[in-house]
Amino acid sequence: MTNEGGKSDGTVVSAKRSNEGQAPQEAVERRVSAKENVHKTTAYRTQRRVQDAHDGLVRVREAARRNRKERFTALLHHVTVERLGQAFGALSRYAAAGVDGVTWDEYARNLGANLRDLHARIQRGTYRAKPSRRVMIPKPDGGERPLGIAAMEDKIVQRAMAEVLNAVYEADFLGFSYGFRSGRNQHHALDALAVGIRRKQVNWVLDVDIRGFFDAMTHEWLRRFVEHRIADKRVAALIQKWLNAGVLVEGRLEAAERGSPQGATISPLLSNVYLHYVFDLWAARWRRREASGDMIIVRYADDIVVGFQHEADARRFQEELSARAAGFGLELHADKTRLLRFGKYAAQQRKELGENKPETFDFLGFTHICGKSRAGRFVLLRHTSRKRMQHRLRTVREELMRRRHQPEVMQGKWLRQVVTGYFAYHAIPTNSARITVFHREVTRAWRRALQRRSQRGHVTWRRMEKLTHRWLPRARILHPWPDDRFDARILGKSRVR
């Protein structure tokens, strides 16, 4: 690619330049500008050198946005020692070690030499990925989810490489994709869904669940998808190394023929790329060409909710989505993928059919309910999922019993962090009753733990009131209404679709 001064940066090879032009309209809201999507990481070494590194990605980002058919032939040189240092600084120093046993503090003792050696091996092609260490973490529904813990150098290189690749793919990802993207989070996805249900003619909701998505992605299809944009063979080889590294389970190496380990830094980006081609582009085209009425789409990673005006559209979309997913090695979970009547008129329609009140569905930890205001108008109620809250309370009770002999000050400081973090996510409008219950149950659990210090221990409720007043934040709504935040983010320049 040549710039305006006639110099080539060796980054892009052009393909089908006749397709240059405007980006397709976003599905839910306008795409956040590229400037807003730059990963903001802690500076390593001088700011001047970091700025130079970011300027290189700005050129990549602008080239990707100008032409959706460009294929980038030289990206690995953007993985500099400085960018590796920023990636290391962004890692948690308290995270568990991988199969190499190297912790954050151990790697930092000789950081400069370690990063220079790592950079040299990456550029020479002698860097080797290590298998992930598998641990099982509990799920709110009682099951377990496999988590892959990568080795220290794999975490560093994956984070740095993800920053470079995001400069390309942020120009491609559609507006209704919210998962693992800079400047977007779960609440933005929840806002888009709530605003879409309220403002558009949504009578049916399809709650999509992809069975074991992260373990089901096929490496062959993922490689093809990456090659749509990435022609740098060294970058493709790095991704293939991470996919082929396998998982260490109880000292036994298991080869990875499919999927990408949950917990790996590169996995969120690869999952977004996979679903961008399998679902996003297809769903956006289906809405433009096939839908006979209103249709909204919201996706956060593999959690997908689609709203329809007409039942016929919903059923046809579900059937065609199932067939399309199967073509790419994916399967819709038969029991968890549900089509339900939902929206402003769902209660009235179900009453006319002689049915009970509308069904509910869960999305990103909240149960969505068709409710009514005191004036009888439709209100979308969002309550913390019962399973999610019960799981969190169970872990708090267990931890409190382990900490019951600690001083009250230490217990109070820990509980303050727990409750503050919980409210930071769950304290949304219409959810005040659930966060009040959580606050009350945490107080009861704390009192029970204090009373278990000895057989004669007794803690009065008056004393507990003083403790909770001192240490626990009160239950109050912290988030704005979805319409307010959604409109503020898009600046009133885009319709909800």
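At what angle do α13 and α15 pack, and how far apart are their axes?

Analyst: The model is predicted, so local features need pLDDT of at least 70 and side-chain atom pairs pLDDT 80 or more, while totals for chains, interfaces and linings use all residues. Residues are numbered from 1 along each chain as its sequence is written, and side-chain values rest on heavy atoms, without hydrogens or water.

α13 and α15 pack at an angle of about 20°, and their axes lie 9 Å apart (axes are lines fitted to C-alpha atoms over the stretch in contact, with angles from 0 to 180 degrees between N-to-C directions). α13 is therefore roughly parallel to α15 (angles under 35 degrees count as roughly parallel, over 145 as roughly antiparallel). α13 spans residues 386-402, and α15 spans residues 432-451 (helices are DSSP runs of H or I with at least four residues, strands runs of E with at least two, numbered from the N terminus). The two helices cross in a right-handed sense (the near helix is turned clockwise from the far one by less than a right angle).

On the α13 side, the contact is made by Arg 386, Met 389, Arg 392, Leu 393, Val 396, Arg 397, Leu 400 and Met 401 (contact means heavy atoms within 4.5 Å). α15 contributes Arg 434, Val 437, Phe 438, Glu 441, Val 442, Ala 445, Trp 446, Arg 448 and Ala 449. By class, this contact holds 11 nonpolar, no polar and 6 charged residues (Ala, Val, Leu, Ile, Met, Phe, Trp, Tyr, Cys and Pro are nonpolar, Asp, Glu, Lys and Arg charged, and the others, Gly among them, polar).

Helix α14, residues 408-426, also packs against α15, at an angle of about 165° and with the axes 11 Å apart. That angle makes α14 roughly antiparallel to α15. The crossing of α14 with α15 is right-handed. From α14, Glu 408, Gln 411, Gly 412, Leu 415, Val 419, Tyr 422, Phe 423 and His 426 take part. Their partners in α15 are Ile 435, Phe 438, His 439, Val 442, Trp 446 and Leu 450. The residues of this contact comprise 9 nonpolar, 4 polar and 1 charged.

The remaining pair is α13 and α14, which pack at about 170° with their axes 12 Å apart. These two helices are therefore roughly antiparallel to each other. Arg 388, Met 389, Arg 392, Val 396, Glu 399 and Leu 400 of α13 face Trp 414, Leu 415, Val 418, Tyr 422 and His 426 of α14 in this contact. It divides into 7 nonpolar, 1 polar and 3 charged residues.

Notes: Parallel < 35°, antiparallel > 145°, perpendicular 65-115°, else oblique.
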